[in-house]
Amino acid sequence: MPKVSVIVPCFNEEAVLPNLFERLDKAAVSWGLDYEIICVDDGSRDQTWQLLKAQNQKNSRWHCLSFARNFGHQTAVSAGLYYAEGDAVVVLDADLQDPPEELSRFFEKWREGFQVVYAIRQKRKEPLAKRFCYWAFYRLMERMTPFRLPLDAGDFCLMDRRVVDIINQMPERCRFVRGMRAWAGFQQIGIPYERQARAAGEPKYSFRKLLRLAWDGVSSFSSAPLQLATYLGFWVSSFAFLGIVFTFFQKIFAKQFAQIGLAPTPGFPTIVISMLFLGGVQLICLGILGEYVGRIYDEVKRRPLWLVRESAGVDIRPPQRIHES
């Protein structure tokens, strides 16, 4: 019988875990598959780890591991992929915004031969401003990447073992799993669903963290920001050149320009504004370059992506870099 692994990253999810245990166990009965559930505690500060260990003692199919500190959601997903043993691997958030009851549809597509089955969010329960940011990000990202990135598709997905092995071999530290999944290719298909509101607890992705994740996705799979800096410099230089030409003709044909209300007048504010504008453009370009250089610095240090503090039901391997597995 094929085996599937369900990866559930958790961070301060004590309020929602009892509901997750009940719904996921109930949904698994209809799969007709051997399965394991791997919960990754991403350095929680509440009772999340105690609840996970108790669930492991109650049901040996539930495996769990706890990070030594908070390493981030994408790293928790990557750790789950690293330790998963199933022929197919599902990524599911603990907050139940992605209903586990939908997984039967994923397995049907997998049996049809699709190596990646991802969920397409039809409706969201977030505020309007947040929904617009999500909408804009996916469409901007899709234009900037050299491969097809599915629109409105998050981490909720199923991946075949071949795809999981490829992602485990990717060495980058700034992980953007949904981008890595799309980059891998193979036969992929989307399934529309309605994203639910969080079942309990507080959202863990603040607006600042979402911006960071978006930037990780852009910088990991596109050099467009670097090209944007070049284009911005070119546009500013062109604008400055046109200003020089205009000023030159304004001096030569002073009378004619005065008749149309454009007489040359010395202006200190104009100089200051121009200097500030050019200085701002330079700082933006340096900032973009600095972000990429910072990522290079993180990569060359070659530290492990995560450190495991404790585990239950998972055979922990010695700390190592994910691409050496």
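Across the protein chain the mean pLDDT is 76, with 65% of the residues at 70 or more. Over residues 320–325, though, the pLDDT is below 50, and in the model this stretch has 19 contacts beyond near neighbours in sequence. This is a predicted model, and where pLDDT is low, the predicted coordinates should not be read in detail.

**Nonpolar cores**
- The largest nonpolar core has 37 residues.
- Inside this core, the residues with the most contacts are Val8, Leu24, Trp31 and Phe107.
- Helix H1, residues 17–28, supplies the largest share of the core, namely six residues.

**Around Trp31**
- Setting aside neighbours within four places in sequence, Trp31 is in contact with Val4, Val6, Leu24, Leu103, Ser104, Phe107 and Arg111.
- Two of these partners, Leu24 and Phe107, are also listed with Trp31 among the residues with the most contacts inside the largest core.

**Helices H1 and H2**
- Two packed helices are described by the angle between their axes and the distance between the axes.
- For H1 and helix H2 (residues 48–58), the axes come within 10 Å and cross at roughly 30°.
- Angles under 35 degrees count as roughly parallel, so H1 and H2 are roughly parallel to each other.
- The crossing in which H1 passes H2 is right-handed.
- On the H1 side, Leu17, Phe21 and Asp25 make the contact, and on the H2 side Thr48, Leu51, Leu52 and Gln55 do.

Conventions: Residues are numbered from 1 along each chain as its sequence is written. This is a predicted model: local features need pLDDT of at least 70, side-chain atom pairs count only at pLDDT 80 or more; totals for chains, interfaces and linings use all residues. Side-chain values use heavy atoms; hydrogens and water are left out. pLDDT is the predictor's confidence in each residue, from 0 to 100. Contact means heavy atoms within 4.5 Å. A nonpolar core is a set of buried Ala, Val, Leu, Ile, Met, Phe, Trp, Tyr and Cys residues joined through side-chain atoms within 4.5 Å. Buried means under 20% relative accessible area, exposed over 50%, partly exposed in between (1.4 Å probe, protein chains only). Helices (H or I, at least four residues) and strands (E, at least two) are DSSP runs, numbered from the N terminus. Axes are lines fitted to C-alpha atoms, for helices over the stretch in contact, and angles run from 0 to 180 degrees between N-to-C directions. Angles under 35 degrees count as roughly parallel, over 145 as roughly antiparallel, 65 to 115 as roughly perpendicular and the rest as oblique. A crossing is left-handed if the near helix is turned anticlockwise from the far one by less than a right angle, and right-handed if clockwise.
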